[in-house]
Amino acid sequence: MGNEAFKEYKLTDVFDINELQKIQDAFSDATGVASIITDKNGTPITKASGFSFLCEHLVRSTEEGLKRCILSDSIIGMSESEVTIRKCLSAGLIDAGISITVLGKPIGNWMIGQIADESFNEQEMLLYANTIGVNKKEYQKALHRVVHMPRSQFEKICHFLYLNAKMLSQFATNSIVQKEEIRLREKAEKEIKILGLKLSQQQRLKAIGTLAGGVAHEINNPINGIINYSQLVLDMVDENSKISDYMKEIIIESNRISLIAKNLLEFSYVKKNEFKKENIVQLINNTKAMINSVLLKNQISFHTEIDEVSEVTCHQQKIQQVLMNLLTNAIETLNKKYPGYHENKKLIISCRNIELDDNAFIRVTVEDHGMGIDEKIRGELFSPFSAANRTDKSAGLGLLMSYAIMKEHKGDLSYETKTGEYTRFHMDIPAGEINNKERNV
Ligand SMILES: Nc1ncnc2c1ncn2[C@@H]1O[C@H](COP(=O)(O)OP(=O)(O)OP(=O)(O)O)[C@@H](O)[C@H]1O
Ligand SMILES: [Mg+2]
């Protein structure tokens, strides 16, 4: 496990501050020295325990004093392996400190001290009053109240501090390693789940494709027979007769069935690496033809707003798959909002020339006036992990796959949505030339 993942950990990620406070208070009580725990930059995260009147009410009450205190704390607490003992920059008292670490990286400092030892020199220390801007008399009075102890005793207390900090560092490291292991395991589990979902959806698509292909093939022969015989009848009857009109209708409708069957065959036949120049408008029409009956059955009106666009190089079957996914989602949300007929139960496909960062694209937009995308799942619509979390009957992979297909085309899939009002999905397909190898399909 690399150290990278641990860079940003803070003391508060690992410890309950109330518990730290209790340990710190008990330490201060037992040893008679002041104590505080700070983050790695010297900013306190616990409340001071056993602080001297001098430090708490005089030094820290001035801006300069507080600045020097924090600086002292960050310097003293810098050592990761041993306790540093030195005179503080704000009052000249003896302080000590050590870092609390995770895998050797400091996440906080434990500071103790505010004592005077054998080296105590009142005149020298009074100079600090001027430096930090505190009344000299008050400073002197407070100085007489600081704890005095021999250096040797303070060093024993420092050793006790070292043992405590070492234990906390060990605890922090264990806890973070454990958290990281759990995170990696959960990530791996989600990846496995998503792979399973992808596989089962691919198998399902393949099965539907085979079935649809078979049915379409079976339809093609008899429908050709119907068209041919209708044509024969048409040739035999009076052009102005009712029979002639009926036969013409039969031929038109049969041609429609034939087109749907042809589209189904195209859709179900899995092609490899086929990036070709395609007429995107034709592609939209073909896809629409496949869902015509679904639109009719659900009383959804369909509108197109098509600009004049040039052919694009794309994988026809995959672009059609994206369109199908978007249309299916739009139909679902429209049915949810309007179970029956409604004048706003409509679906709009537009096709426009646009420019993004000086590059030409063709933007196909699928717009519905349905429920809008649930706010809770916005922003993670194209993420495999959100799909893995979905538990309802749909796999929740449609958009994820669509996004991947658009990226494969060096294009993009984006959306705009407003709760309760509309959703627009934009498929941006590069309008320029394309190199098959570049696609890495
Ligand atoms: N046009 C839309 N309006 C409102 N919500 C939408 C729309 N499109 C997608 N969503 C929301 O996004 C979710 C994810 O869509 P996606 O197509 O990825 O999966 P799905 O439709 O749930 O399942 P699948 O497509 O795999 O059968 C949907 O379940 C739906 O909640
Ligand atoms: Mg879907």
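The protein in this predicted model has a radius of gyration, taken over C-alpha atoms, of 38 Å, whereas a compact globule of 441 residues would have one near 22 Å, by the rule of 2.2 Å times the number of residues to the power 0.38. Local features need pLDDT of at least 70 and side-chain atom pairs count only at pLDDT 80 or more, while totals for chains, interfaces and linings use all residues. Residues are numbered from 1 along each chain as its sequence is written.

**Overall form**
- The C-alpha trace of the protein spans about 130 × 45 × 40 Å along its principal axes.
- Of the 441 residues, 31% count as buried, that is, with 20 or more other C-beta atoms, placed from the backbone, within 10 Å of their own.
- The protein holds 13 helices and 12 strands, which are DSSP runs (H or I, at least four residues, for helices; E, at least two, for strands) numbered from the N terminus.

**Helices H9 and H10**
- Helix H9 (residues 280–297) packs against helix H10 (residues 316–337) at an angle of about 40 degrees, and their axes lie 10 Å apart.
- In H9, Leu283, Ile284, Thr287, Ile291 and Val294 meet Gln316, Ile319, Gln320, Leu323, Met324, Leu327 and Ile331 of H10, with contact meaning C-beta atoms within 7 Å.
- The residues of this contact of H9 with H10 comprise 9 nonpolar, 3 polar and no charged.

How values were computed. Chains lettered and ligands numbered in written order. Axes fitted to C-alpha atoms, helices over the stretch in contact; angles between N-to-C directions. Contact = placed C-beta atoms within 7 Å. Nonpolar A, V, L, I, M, F, W, Y, C, P; charged D, E, K, R; others polar. Buried ≥ 20, exposed ≤ 12 C-beta atoms within 10 Å, placed from the backbone.
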